[in-house]
Amino acid sequence: MIMELSGIVGKWFTGSCLKKNMESGIGDMLFHSLEFFIYFPVVVLVYFFIPKRCKCLWLLAASYYFYMSLNIGHTFLIAFSTFVTWVSGLLLGRCHRTGKRRYRKWIVAASVSLNLGILFYFKYFDFLLANLNMVITRMGFPMLEKPFEIVLPVGISFYTFQALGYTVDVYRGEVEPEKNLFRYALFVSFFPQLVAGPIERSKNLLWQIRRIPTMSFRRLWNYERIASGLILMLWGYFQKLVLADRLCILVDTVYQDWQQYGTAVLVLATAAFSMQIYCDFASYSIIAMGAAKVMGFTLMENFRAPYFSRSIQEFWRRWHISLSLWFRDYLYIPLGGSRRGVLRGQWNRMAVFLASGLWHGASWHYAAWGAIHGVYQAVGAQTEGIRRRLRKKAGVDTETFSFRFGQAMVTYILTLFALVFFRSVSMAGAFGYLKRVFTKPDPWVFTDGTLYQLGLTQADVRVLLAALVTLFFVSLIREYRGETLDVFLARQGLWFRWLVILYLFGVLFLFGMYGPEYDASQFIYFQF
């Protein structure tokens with residue numbers, strides 16, 4: 001079962017992590033491209049110096065230019081989604097004022113249907129057609145042909161969910177409808193978080209956009225805030241160019257030819273992928289947070305040391321936080337949550353995780369990844385009482401380091417198992433991969449030099465290990481001090497702050513994955 005979208009994702013995942021994915025329409029304006037390093041300072045400086053009444057329009061123009069540089073042909077889609085949800089908000093506000101509440105559900109239904117209809121067509125039409133063809137050909141009927149090729153628009157899942165969240169917030173009366181189309185359009189298209197999140201809430205970002213006219217040059221030109229934002233951006237670039245893109249080489253080498261390897265290498269590759277996807281996605285969110293902070297905006301934190309989680313439930317409170325909260329507030333709770341009994345609650349939870357899996361990609365292996373996490377959640381919730389009683393009866397101290405470490409390791413292993421389905425390009429590939437993990441032991445690879453035949457040189461491995469140690473310590477700071485790197489450094493002495501900055505910049509400059517033989521690699525979540 002070959003689909004255009006799955007082919008794009010699979011092709012990128014299986015050996016082209018250091019090339020631009022032109023099949024999906026990605027242009028040059030990536031966060032770590034030369035074009036962005038020119039674009040961003042220009043946008044910021046003009047934003048600081050132009051009159052207050054022009055600032056919103058300038059950021060809107062800059063955001064649309066950013067998106068058009070990725071794929072000019074899909075700009076109409078974000079404009080259409082923006083206009084539909086803006087009009088929906090105005091109509092909902094009018095219903096609130098006039099007391100005609102019976103029309104509100106129809107307005108929300110129309111807005112949701114139009115936006116999800118567009119999302120379904122571009123993201124899931126090929127998937128549906130391929131599965132339909134599989135059924136009808138087995139029944140002896142001829143295959144249905146696609147009228148034309150469909151290219152997945154960059155970031156469509158992110159900005160569609162952000163716009164729909166606004167519609168529901170207005171419907172619930174949690175925010176006032178935005179009357180100014182330009183301000184609302186900037187909320188939907190704000191370039192730092194436009195194509196890969198975090199998925200912002202209208203209660204946070206739209207409020208900040210509304211106060212742009214009150215921002216004087218003196219308030220904008222805040223040295224501490226700008227320095228803090230730049231440190232966040234530096235840390236994001238470190239994770240992307242030193243860690244994620246280097247791990248990508250190892251992961252691609254193994255996953256594109258997994259039949260040739262055994263247990264140790266396959267487990268190592270999946271562990272490497274767990275760090276790759278975390279560093280890749282978290283780096284985009286961190287760069288977005290930093291870029292927004294430089295301009296005076298605060299975006300929500302999207303990752304919070306997820307691999308320190310002691311349960312799958314906790315993992316999802318730390319991983320892709322903006323998406324988890326979106327599904328909780330706009331799907332799980334409207335379905336009834338856990339208020340209608342245990343069985344209904346588990347069904348609702350499974351529906352949310354299946355939707356989360358398919359949100360990440362139109363393929364059954366993504367659905368399987370979501371379903372596995374749904375099962376984890378259900379089993380964890382159902383056995384919590386039994387496990388608590390057993391621990392109490394056995395006299396287990398749940399606050400000891402050994403117990404907490406054991407919980408974190410079990411949680412991490414469970415996420416690794418699910419990630420095999422996420423990273424594989426098909427269900428058959430995932431099952432084949434897992435079969436070799438459990439049937440082809442190869443402990444000798446740690447001593448026979450095989451590890452240096454996985455696409456990385458010994459120097460690359462040393463750099464990778466040093467960078468992972470750095471990531472670990474920064475994650476410890478986030479976990480036990482509750483501070484992001486920029487906040488932590490702001491509380492330290494000047495010499496230590498500059499020592500860390502120079503270390504990050506030096507490693508990034510010397511060992512980042514760029515140069516004549518590399519192109520700026522796409523962020524993984526651009527595909528979702």
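I began with helix 2 and helix 3, whose crossing is right-handed. I call a crossing left-handed if the near helix is turned anticlockwise from the far one by less than a right angle, and right-handed if clockwise. The axes of helix 2 (residues 34-49) and helix 3 (residues 52-70) come within 9 Å and cross at roughly 170°. That makes helix 2 roughly antiparallel to helix 3 (under 35 degrees is roughly parallel, over 145 roughly antiparallel, 65 to 115 roughly perpendicular, the rest oblique). Axes are lines fitted to C-alpha atoms, for helices over the stretch in contact, with angles from 0 to 180 degrees between N-to-C directions. Helices are DSSP runs (H or I) of at least four residues, numbered from the N terminus.

I noted the source: this is a predicted model, where local features need pLDDT of at least 70 and side-chain atom pairs count only at pLDDT 80 or more, while totals for chains, interfaces and linings use all residues. Residues are numbered from 1 along each chain as its sequence is written, and side-chain values use heavy atoms, leaving out hydrogens and water.

Next I checked helix 10 (residues 223-255) and helix 18 (residues 458-480), whose axes come within 10 Å and cross at roughly 135°. Helix 10 is therefore oblique to helix 18, and passes helix 18 in a left-handed crossing.

Is Leu454 buried or exposed? Leu454 is buried, because its relative accessible area is 1% (buried is under 20%, exposed over 50%, partly exposed in between, with a 1.4 Å probe and protein chains only). I found Leu454 in the loop between helix 17 (427-439) and helix 18.

Methods
Helices (H or I, at least four residues) and strands (E, at least two) are DSSP runs, numbered from the N terminus.
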